[in-house]
Amino acid sequence: MLHSTSMWGHIKASSPDVFLPCFAFCFGHISLKGFTSLQEPIRRNLKRDQLSVLDSTLPPVSITEIRQYLRSKNISFHDGYSCLHTPSLFVEGAEKDKFSLFIDKITGRFLCKATLVEGSWEDFQDSVELLQKEGLPCLSPHTTAGYLENDSDLELDSLEVNRIWNKAVWFSDLEEEECQLFKIMFSISKITNATLRKFGVKFFKPTNTLVFPWYSPRDSTLKGIKLLSAECKGEQVNYLDSTLPRFGSYHNLFGLHLMSRRDNEVVITSREVDSLALSQATGLPTLALPRGENCLPPILLPYLEQFKRITLWLGSDLRSWEASKLFARKLNLKRCSLVRPGDKQPCPLDALSQGLNLNKILKTAIPASHKSIISFRQLREEVFGELANVEQVAGIKWTRFVELNKLLKGHRKGELTIFTGPTGSGKTTFISEYALDLCIQGVNTLWGSFEINNVRLAKIMLTQFALQRLEEQLEKYDEWADKFEDLSLYFMTFHGQQNIKAVMDTMHHAVYMYDISHVVIDNLQFMMGYEQLNTDKIAVQDYIVGAFRKFATDNNCHVTLVIHPRKEEDDKDLQTASIFGSAKASQEADNVLILQDRKLVTGPGKRYLQVAKNRFDGEVGVFPLEFQKSSLTFSPPKAKIRLKKLKEDNIVQPKQPPAETEQKPKK
């Protein structure tokens with residue numbers, strides 16, 4: 001993950017603050033930049049990561065079914081905030097009375113905190129059947145070995161973790177001047193050595209890196225580390241973090257080892273340094289999420305069940321505010337309070353650096369839940385926040401399609417985008433780069449590709465990510481695949497015609513498991529063919545579009561839906577009315593994008609992207625694209641782009657492309 005700040009000038013002046021995860025196969029041990037590998041390159045281990053691969057063919061389980069099953073097996077349980085608590089199947093004696101096994105109410109996955117055994121709902125049922133059939137008091141470690149992590153790559157990571165940890169030093173062991181310089185580098189000059197020692201934070205001098213430990217919640221042994229490095233680029237400092245093991249297996253609630261069973265309230269932050277600041281300034285229990293505001297993995301929820309009150313203070317921008325509201329829904333709204341970002345309420349580390357009263361800021365936290373009817377008084381601060389943060393409200397900006405930012409202003413959660421274009425125009429290739437651009441910037445993405453299989457789609461996206469053909473330089477494959485694997489990118493395992501209910505269930509599951517904020521469906525027609533032949537196709541399409549519209553709104557998740565157009569004459573541009581089916585698709589959509597392919601009129605490769613509808617601010621228009629075959633990417637022509645703005649929707653496009661966009665400017 002990359003974090004940036006423009007404090008370098010201050011620092012220098014202060015010197016003496018149902019889906020497969022993308023590339024879910026393990027390609028051997030990865031040594032981090034700046035660290036030497038312990039062994040020669042290791043053989044490839046083509047083995048799925050059991051902790052992150054979910055089988056979309058498994059039927060979803062409801063909380064009612066879970067309760068009924070537990071009662072039928074005479075297993076006592078009680079309701080928690082996010083989980084059901086039951087006696088563990090894997091311990092005996094007094095430990096069994098502690099209700100140390102937690103079953104997720106949404107997915108049915110279980111975790112035994114006493115033994116760290118975990119598995120799916122089907123695994124739990126199999127364990128219960130085996131236990132009762134054999135008449136055993138508990139299941140032994142030998143029986144449960146299949147649930148536990150047992151991967152040679154993780155063992156090698158453990159060796160690397162211990163090597164780095166043993167060479168790292170405590171801040172209190174550094175020379176005073178050296179210690180202050182390193183603290184200034186990471187903007188933690190107000191954090192005392194005692195606080196750093198309390199949380200186990202070390203410094204790795206060979207690479208000038210902060211080392212945050214991950215201790216096992218069972219026996220406090222070292223399970224992993226997060227490394228935070230800083231690099232200067234002009235007046236800006238970039239903070240880059242990496243983990244051992246890799247992010248997919250790194251489930252650390254930083255600070256959990258300091259919690260006692262009697263703690264019943266906690267403050268959750270998105271960065272380890274914020275937790276340090278909060279703990280030092282307030283003395284309150286505090287935890288930091290492993291992937292920041294990007295994701296709250298459900299596997300961590302059992303460790304948060306003991307807290308009756310949770311305050312989320314994730315950052316100082318609109319994105320962190322949206323994440324706070326999303327995470328509060330997972331944690332149970334009734335026990336959550338949110339610290340609203342603002343000038344006088346920055347992130348905890350900045351608040352400490354500015355001398356603000358952190359206890360006072362925590363007291364301003366507002367309840368996450370509210371009544372169904374509210375007045376403007378409750379909305380007043382949120383309205384002001386949107387007015388004061390226009391750029392953030394507009395959404396995430398594309399880096400590869402700058403002209404699209406001028407029209408749509410950004411990519412926003414909770415919207416529905418309809419995308420269409422002629423057959424063979426490159427719709428899938430364009431939309432994969434469009435989504436990849438956002439994913440690189442931290443937008444958690446789920447792909448539903450029913451037209452081409454996931455291997456081919458991943459190959460296209462990897463080529464676009466690397467901006468080069470890797471077939472011709474296979475020696476670079478592992479390097480790029482490692483970087484690509486760290487993206488929050490997931491694929492549905494569906495292919496061909498699918499039932500809309502199965503697709504929607506998978507999308508809901510993805511939002512819960514991985515905090516997905518962008519779903520791409522390519523394409524709608526593959527869900528229509530699954531229905532009965534005597535059903536009205538137009539009515540079916542309207543129902544499906546309505547379902548995606550409701551999903552986007554209810555889950556605050558952007559849905560991009562690819563729909564094929566009607567058959568039009570080759571010499572005519574597509575319009576909003578060209579979208580197959582009734583007008584419901586364009587009416588429900590917040591945005592309508594059309595890939596215009598004029599190659600039949602002006603020669604090969606002349607494509608334009610038209611924004612035909614923009615509900616955010618009404619700006620519509622068209623700009624040229626140029627396909628780069630070597631990288632499978634679309635980018636604006638090298639000549640200066642002439643963005644042509646159009647009137648809102650239902651316009652008739654000129655039959656000939658605007659000639660001035662293809663002319664070179666006169667010298």
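This is a predicted model: local features need pLDDT of at least 70, side-chain atom pairs count only at pLDDT 80 or more; totals for chains, interfaces and linings use all residues.
Glu-272 forms a salt bridge with Lys-226, and the closest N and O atoms of the two are 3.0 Å apart. This pair joins distant parts of the chain, since Glu-272 belongs to helix 7 whereas Lys-226 belongs to strand 12 (residues 222-233), 46 residues apart. Lys-226 is buried as well, its relative accessible area being 3%.

Helix 7 itself is largely enclosed by the rest of the structure, because nine of its eleven residues are buried. Among these buried residues are Glu-272, Val-273, Leu-276, Leu-278 and Thr-282. The residue that follows helix 7 is Gly-283, which has a positive phi, near 75°.

Helix 7 (residues 272-282) lies across strand 14 (265-269) and strand 15, and runs at about 170° to strand 15. An open sheet of five strands, ordered 15-14-16-17-18, shows mixed pairing. Strand 15 (286-288) and strand 18 (366-367) are its edge strands, and because each has a single partner strand, one side of each is left without a neighbour in the sheet.

Strand 18 pairs with strand 17 (residues 336-338) in the antiparallel sense, over two bridges, and within this pairing Leu-338 stands opposite Ile-366 of strand 18. Helix 8 (residues 318-331) lies across strand 14, strand 16 (309-312), strand 17 and strand 18, with a direction at about 175° to that of strand 17.

## Other salt bridges

In the structure as a whole there are 27 salt bridges. One of them joins Arg-109 to Glu-118, with the closest N and O atoms 3.3 Å apart; here Arg-109 is partly exposed at a relative accessible area of 22%, whereas Glu-118 is buried at 12% relative accessibility. Arg-67, Asp-79 and Lys-105 are linked with one another in a network of salt bridges.

Another salt bridge is formed by Asp-590 and Arg-615, whose closest N and O atoms are 3.3 Å apart. This pair also links distant parts of the chain, 25 residues apart, with Asp-590 in the loop between helix 20 (584-588) and strand 24 (591-597), and Arg-615 in the loop between strand 25 (607-614) and strand 26 (620-628). Asp-590 counts as buried at 8% relative accessibility, while Arg-615, at 44%, counts as partly exposed.

## The loop at Lys-73

Lys-73 is found in the loop that connects helix 2 (63-72) with strand 5 (78-79), and with 21% relative accessibility Lys-73 counts as partly exposed. When its neighbours within four places in sequence are left aside, Lys-73 is in contact with Val-128, Glu-129 and Gln-132. Lys-73 and Val-128 are 55 residues apart along the chain, and their C-alpha atoms are separated by 8.2 Å.

## Surface and overall make-up

The protein contains 21 helices and 28 strands, and 53% of its 667 residues are buried.

Leu-379 is a residue of helix 11 (residues 376-388), and at 34% relative accessibility Leu-379 counts as partly exposed. In an α-helix there are 3.6 residues a turn, so residues three or four places apart point the same way.

Methods: Residues are numbered from 1 along each chain as its sequence is written. Side-chain values use heavy atoms; hydrogens and water are left out. Two strands pair if DSSP finds at least two bridges between them. Helices (H or I, at least four residues) and strands (E, at least two) are DSSP runs, numbered from the N terminus. Contact means heavy atoms within 4.5 Å. Axes are lines fitted to C-alpha atoms, for helices over the stretch in contact, and angles run from 0 to 180 degrees between N-to-C directions. Buried means under 20% relative accessible area, exposed over 50%, partly exposed in between (1.4 Å probe, protein chains only). A salt bridge is a side-chain nitrogen of Lys or Arg within 4 Å of a carboxyl oxygen of Asp or Glu.
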